[in-house]
Amino acid sequence: MALIHVVKYNGSPDVFAWKYPDCNLSTWTQLIVSESQEAVLYKGGKAYDLFTAGTYSLQTENIPLLNRLINMPYGGQTPFTAEIWFVNKAVNLDIKWGTASPIQLHDPKYNIILPVRSYGQFGIAIEDSAKFLMKLVGTLPSFGKDQLTDYFKGFYLTNVKDTIATYIVKEQISVLEIGSYLNEISDYLTKQTTPILGQYGIKLLYFNINDISVPQDDSAVQKVKDALSRKAEMDIIGYHYEQERFYDESNRIDSAYALNKTLHKDITSTKPADRKIKCTQCGELLNNGEKYCWNCGAKQLFEFRKCPQCGNTIGHNMKYCTECGMQLATVCPECNTQITNKAAKYCHNCGCGL
C-alpha cells in the first residue's frame, strides 16, 4: 500500500467541495488546509475529524478521533484508508440563475397571459462543512457552482414564479410594470430561500432578481405595447379613446354629407333640364322623382302641379309657391280637385280627408 506524505487542495477556486483523489493514507501524513478552507476526514461515509486552516500531521496521539478510526495501538506509519474532503468556505457572490424558458403568468391589469423571463444572481458561503458534504455532495468527486444551481433550480424557479405572481396580484400591477419592484421582490425571495439552503449547511447572503422581462416578439406582448403606445398618444393630445371614436365618426358623416352635396350640385348644374322641383322644406333644387332632399333630408312628394302665376313645378299639397310665393288652393290628393274653402277638412268631390 502506497503511503501518502502530503495532502492538500488541488481543485478549482470555484469549487465548493473537492475530494482528495487517493484514499490510501497513513499516520504522519501531512495535511495542509489553506485559509478560508476546512478539511473533513471521512471513513465509511462517516465524518471523524474537521480541520481548519493550518498544517497537520495525522497522528493518533494528537487526533483522538483518528485513533478511533484506525484502532491500532502500535506507533509508526500506520496505513489506513479514508477520504479527505476540502470545503471552500470563502464567500461566493456571483452564482447566476435564470429561467431557461418563459414562465406563463396571468396579468391582472390587462387580463391576458404573458410569457415572462427572469434572471439574477445570489451569494452564498458554506457554513457547516459536514452537513454540506453529507446532504449535497454524496459520492461526487467535486461540487461547484453548476451542481449547486442545478440542484436548487426546481426550488428557486418555482419560488420566483410564485413570488412574482403573488406580487402582481397583491399590488394589482402589470407584468410590464414589475421592473420597478425588483428590490422588494429580491428581499422577499432572500427571506424565503434562506432557511431552505440553511438545511444543507449553506448560508445565503442575498438572492437578487436583476431583470424581469417579456419576449418582445410575442404577439400578446406586442398587442399590449401597441395599445399602451396609442393610449399615451391620446393622453398627450388631451382626449381619450371614446372621444376619438366620436370625432372620427363625426368627421366621416361630415365628409359624406359634403361629398353628397357636391355630387348633387354637380348633377343639378350639368343637367338643368332635370331640375324640376324645389324642396318642400328648404327650397333647394331637386331632381324630379327624388324621395328625400339631399340638403335638409325632408321627404318629397311624387305628384306635382304648376303655379298658376309663375309656372313653377311644386308639390300638389303645397299652400304657397316656392318660387313666387303665391298662395295656392288646396288640391285633393285622391281626385286632384281644387278646394277653394281653406277651412275644409274633406274634399267636396270625393270625400277624401285633406
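Is E177 buried, partly exposed or exposed? E177 is partly exposed, with a relative accessible area of 29%, where buried means under 20% relative accessible area, exposed over 50%, and partly exposed in between (1.4 Å probe, protein chains only).

Before you select anything else, note that this is a predicted model, in which local features need pLDDT of at least 70 and side-chain atom pairs count only at pLDDT 80 or more, while totals for chains, interfaces and linings use all residues. Residues are numbered from 1 along each chain as its sequence is written, and side-chain values use heavy atoms, with hydrogens and water left out.

**Salt bridges**

E177 lies in the loop between α3 and α4 (182-198) and K109 in the loop between β11 and β12, so the pair ties together parts that are 68 residues apart in sequence; helices (H or I, at least four residues) and strands (E, at least two) are DSSP runs, numbered from the N terminus. K109 is partly exposed, at 45% relative accessible area.

The structure holds three salt bridges, and the next one to select joins the side chains of E38 and K89, at 3.3 Å from N to O. Here E38 belongs to strand β5 and K89 to the loop between β9 (83-88) and β10 (92-98), so parts that are 51 residues apart in sequence are tied together. E38 is buried, with a relative accessible area of 12%, whereas K89 is partly exposed at 25%.

Then select D94 and K96, whose side chains meet in a salt bridge of 2.8 Å, N to O; D94 is partly exposed at 35%, and K96 is exposed at 54%.

**The sheet and its helices**

Show the strands next, and look for the open sheet of five strands in the order β6-β5-β9-β2-β13, with antiparallel pairing, where two strands pair if DSSP finds at least two bridges between them. The edge strands are β6 (46-51) and β13 (142-144), each of which pairs on one side only. Strand β2 (residues 15-19) pairs with β13 over three bridges, and A17 stands opposite F143 in β13.

Helix α3 lies across β2 and β13, at about 70° to β13.

**The nonpolar cores**

Now select I124, F132, L148 and I202, the residues with the most contacts inside the largest nonpolar core, which has 42 residues. A nonpolar core is a set of buried Ala, Val, Leu, Ile, Met, Phe, Trp, Tyr and Cys residues joined through side-chain atoms within 4.5 Å. A second, separate core of 17 residues includes V15, Y20, V33 and L58.

Return to F132 and, leaving aside its neighbours within four places in sequence, find the residues in contact with it, among them F16, A17, F143 and I202; contact means heavy atoms within 4.5 Å.

**Two loop residues**

Finish with S36, in the loop between β4 (30-33) and β5 (37-43), where phi is near 60°, a positive value in a residue other than glycine. N111, which is not a glycine either, has a positive phi of about 55°.

Notes:
A salt bridge is a side-chain nitrogen of Lys or Arg within 4 Å of a carboxyl oxygen of Asp or Glu. Axes are lines fitted to C-alpha atoms, for helices over the stretch in contact, and angles run from 0 to 180 degrees between N-to-C directions.
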